[in-house]
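Subject: Structure handover

Hello,

I am passing on the structure we spoke about. Please have it open while you read; my notes follow below.

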Amino acid sequence: MSGQVQVGLGNLIRHKFGDEYKFLFAKRKGSHGAGKWSLAGGHLEFGETFASCAERETLEETNLAISEWRAVHTTNDIMADENKHYVTVFMLATVDNVAGVRTMEPEKVDGDWHWLTWTEMKQLGDQLFLPVAHLIKDADASPQLRTQLLE
């Protein structure tokens, strides 16, 4: 395998529905991981901070303007079948108003955005984009990470 390691961001956008958080997910289309469920996110551009990348990608993909982000985890994601290697930085933001969510890039998202609980995310299993699958595995092994995401 040859190539360059790239930096990607996975944006954990959460909203409290009743007494539990749900996270914004969509099915990928037109890129590596097509057909897999993933978060909003994308490539870190030269000179960009993680927070500004999360803000830009979220607005471009979901129509949500979110400016308060924090980095919560990083995964090392080797997608050998697609000759891709990413370091994925997961950013977390909580939103109060979800009325404006819509698919802004239909060439990259198959259908609509969906709000999923942690349990629903885990149930997707091999239907998850690899970085998200790694995040879930790591959070299951780390009570501290899981607490950051769910409380």
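I start with the nonpolar core. The largest one has 20 residues, and within this core Leu12, Phe23, Phe25 and Leu149 touch the most other members. At least two core residues each come from E2, E6, helix H2 (118-123), H3 and helix H4 (143-150). H3 supplies four residues, the largest share. Apart from this core there is another, made of 17 residues, including Leu9, Ile13, Cys53 and Val89.

Leaving out residues up to four places away in sequence, leucine 12 touches Phe23, Leu39, Trp69, Val72, Phe90, Met91, Leu92, Ala93, Leu135 and Leu149.

Please keep in mind that this is a predicted model.

Now the overall layout. The protein has four helices and seven strands. Read from the N terminus, the order of the elements is β-β-β-β-α-β-β-β-α-α-α. The radius of gyration is 14 Å, close to the 15 Å that the globule rule gives for 151 residues, so the protein is as compact as a globular protein of that length. Along the principal axes, the C-alpha trace spans about 45 × 35 × 30 Å. Of the 151 residues, 41% are buried. Taking contacts between residues at least 6 apart in sequence, 67% join residues at least 24 apart.

The largest pocket has a volume of about 500 Å³. It is lined by 28 residues, and those closest to its centre are Arg28, Gly41, Gly42, Glu61 and Phe129. Two or more lining residues come from each of strand E1 (5-17), strand E2 (20-28), strand E4 (40-43), helix H1 (50-62), strand E6 (84-94), strand E7 (109-116) and helix H3 (130-141). E4 contributes the most to this lining, with four residues. By type, the lining of the largest pocket holds twelve nonpolar, nine polar and seven charged residues.

Most residues other than glycine have a negative phi. Asparagine 63 has a positive phi of about 75°, although it is not a glycine. This asparagine 63 sits in the loop between H1 and strand E5 (70-79). Its relative accessibility is 27%, so asparagine 63 counts as partly exposed.

Asparagine 83 also has a positive phi, near 55°. The loop that holds asparagine 83 runs between E5 and E6. With a relative accessibility of 43%, asparagine 83 counts as partly exposed.

Regards

How values were computed:
Residues are numbered from 1 along each chain as its sequence is written. This is a predicted model: local features need pLDDT of at least 70, side-chain atom pairs count only at pLDDT 80 or more; totals for chains, interfaces and linings use all residues. Side-chain values use heavy atoms; hydrogens and water are left out. On a 1 Å grid over the protein atoms alone, a cavity is a set of points where a 1.4 Å probe fits but cannot get out, and a pocket is an open set with protein on both sides within 12 Å along at least five of seven lines; lining residues have an atom within 4 Å of a point. Grid points are joined across faces, edges and corners, and a volume is the space filled by probe spheres set on the points. Ala, Val, Leu, Ile, Met, Phe, Trp, Tyr, Cys and Pro count as nonpolar, Asp, Glu, Lys and Arg as charged, and the others, Gly among them, as polar. A nonpolar core is a set of buried Ala, Val, Leu, Ile, Met, Phe, Trp, Tyr and Cys residues joined through side-chain atoms within 4.5 Å. Buried means under 20% relative accessible area, exposed over 50%, partly exposed in between (1.4 Å probe, protein chains only). Contact means heavy atoms within 4.5 Å. The radius of gyration is taken over C-alpha atoms; the globule rule is 2.2 Å times the number of residues to the power 0.38.
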